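Subject: Handing over a structure

Dear colleague,

I am passing the structure below on to you, with the sequence alongside. Please look through it first, and then read the notes that follow.

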There are 2 protein chains.
Amino acid sequence: MSGGEPLERVIELLSRLPGVGRKTATRHAYHMLRKGEGYGLELADALTELVQETNLCTRCQNYARASLCSRCADGRRDQARICVVQGPQDVTVLENSGAWNGVYHVLHGVLAPLDGVGPEELKIRELLARFPGEVPIEEVVVATGASVEGEATAIYLAGLLSPMVEVTRLARGLPAGGDLEYVDGPTLQRALEGRQPL
Amino acid sequence: MSGGEPLERVIELLSRLPGVGRKTATRHAYHMLRKGEGYGLELADALTELVQETNLCTRCQNYARASLCSRCADGRRDQARICVVQGPQDVTVLENSGAWNGVYHVLHGVLAPLDGVGPEELKIRELLARFPGEVPIEEVVVATGASVEGEATAIYLAGLLSPMVEVTRLARGLPAGGDLEYVDGPTLQRALEGRQPL
């Protein structure tokens with residue numbers, strides 16, 4: 001087709017992103033074209049810089065531009081408390097919430113034996129290597145998701161870490177603003193099990 | 001945040017695409033990172049080539065890599081019949097259907113006075129410039145969409161072109177495989193108005 005080869009390549013590459021089919025990829029590619037050369041070159045440049053200059057923080061395994069990420073290098077953060085998350089996005093979510101002032105550890109996945117993801121595929125060895133640590137670590141909050149895999153990973157980590165440190169996990173219960181009638185059964189069950197004195 | 005500036009730039013640029021919010025853009029950016037340097041550089045390269053080497057065909061105004069696109073330059077296509085479409089994607093759809101062997105003219109939009117899109121904003125002057133043409137043009141099929149703007153554009157073009165050439169438009173009616181009970185009122189009305197002898 002006219003526009004030819006690079007258009008086809010852009011469409012093919014974009015359609016490898018999760019949730020992006022060929023139709024969406026085609027629409028995106030045409031929009032990139034329509035936005036003009038400036039936009040396309042800026043995106044290409046940012047992308048090049050992103051993939052070339054990003055590595056994993058040697059401590060928390062989050063994406064970073066230096067060997068130690070800005071949070072691990074930040075003396076004002078509580079370096080004695082580690083929040084363990086599945087992926088880098090979770091760090092962003094927690095940071096945006098403003099609810100956590102400790103540091104992080106990014107597993108880059110959860111245990112999923114059926115998909116061939118065992119402990120070796122996650123950054124668990126790197127987590128263990130953080131002990132005892134320059135600053136003695138007082139608490140590890142396991143903040144994996146509430147899926148079966150997330151729960152299994154939390155239990156596995158608790159088994160490894162509890163001899164060395166206090167291990168906690170995020171509370172399960174009603175989401176903020178959630179009306180009871182819209183809450184699913186398992187969530188309600190967790191909320192009841194975890195009920196607190198008023 | 002760590003990963004910092006280029007990540008933020010990629011997210012910001014991706015979120016300018018239609019239908020892509022900040023959340024989706026963030027997910028895409030992280031996936032580009034996770035896919036590794038090879039993927040990111042390949043996409044950046046294809047994108048650079050795409051925006052730098054793509055121009056508009058001087059005749060049909062579709063995206064092309066040469067001054068004349070492959071279809072306008074193809075002697076095996078019926079150069080006497082022009083199908084007028086809103087955008088380059090429509091050319092792809094028609095080509096994939098295998099239903100058209102003529103050439104195209106891409107308007108790059110439809111008339112939308114409320115959005116400030118008048119005839120000057122579309123490639124209408126370039127359409128008129130194709131007459132009389134090296135090969136005398138026998139038919140113009142207006143294949144704009146069935147929206148209000150698409151219909152208005154078709155009527156406007158018919159007014160301009162009918163003194164010079166036969167102007168037709170795509171039939172309106174039931175979509176192939178469409179059960180009557182799922183068809184909306186206006187479509188049904190068009191199908192009745194355009195009923196054909198059996």
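**Overall build of chain A**

Read along the sequence, chain A runs in the pattern α-α-α-β-β-β-α-β-α-β-α-β-α, which amounts to seven helices and six strands; here helices (H or I, at least four residues) and strands (E, at least two) are DSSP runs, numbered from the N terminus. The radius of gyration of chain A is 21 Å, well over the 16 Å that the globule rule gives for 198 residues, so chain A is more spread out than a compact globule; this radius is taken over C-alpha atoms, and the rule is 2.2 Å times the number of residues to the power 0.38.

Before going further, please note that this is a predicted model, in which local features need pLDDT of at least 70 and side-chain atom pairs count only at pLDDT 80 or more, while totals for chains, interfaces and linings use all residues. Residues are numbered from 1 along each chain as its sequence is written, chains are lettered from A and ligands numbered from 1 in the order in which they are written, and side-chain values use heavy atoms, with hydrogens and water left out.

Taken along the principal axes, the C-alpha atoms of chain A fill a box of roughly 65 × 50 × 35 Å. Of its 198 residues, 42% count as buried, where buried means under 20% relative accessible area, exposed over 50%, and partly exposed in between (1.4 Å probe, protein chains only). Among the contacts in chain A with a separation of 6 or more, 47% come from residues 24 or more positions apart, a contact being heavy atoms within 4.5 Å.

**Where the two chains pack**

Helix H3 (residues 37–53) of chain A and helix H3 (residues 37–53) of chain B pack at an angle of about 165 degrees, with their axes 9 Å apart. That makes H3(A) roughly antiparallel to H3(B), since angles over 145 degrees count as roughly antiparallel; the axes are lines fitted to C-alpha atoms over the stretch in contact, and angles run from 0 to 180 degrees between N-to-C directions. The residues in contact include A:Leu43, A:Leu47 and A:Val51 of H3(A) and B:Leu43, B:Leu47 and B:Val51 of H3(B). By class, this contact has ten nonpolar, six polar and two charged residues, with Ala, Val, Leu, Ile, Met, Phe, Trp, Tyr, Cys and Pro counted as nonpolar, Asp, Glu, Lys and Arg as charged, and the others, Gly among them, as polar.

**Backbone details to check**

Most residues other than glycine have a negative phi, and most peptide bonds are trans. The peptide bond from A:Phe131 to A:Pro132 is cis, with omega near -5 degrees, and A:Pro132 lies in the loop between helix H5 (124–128) and strand S5 (139–142) of chain A. In chain B, the bond from B:Phe131 to B:Pro132 is cis, with omega near 0 degrees.

A:His108, in the loop between strand S4 (102–106) and H5 of chain A, has a positive phi near 60 degrees and, at 26% relative accessibility, counts as partly exposed. B:Gln61 has a positive phi near 70 degrees and sits in the loop between strand S1 (55–56) and strand S2 (63–64) of chain B; with a relative accessible area of 6%, B:Gln61 is buried.

Key: Parallel < 35°, antiparallel > 145°, perpendicular 65-115°, else oblique.
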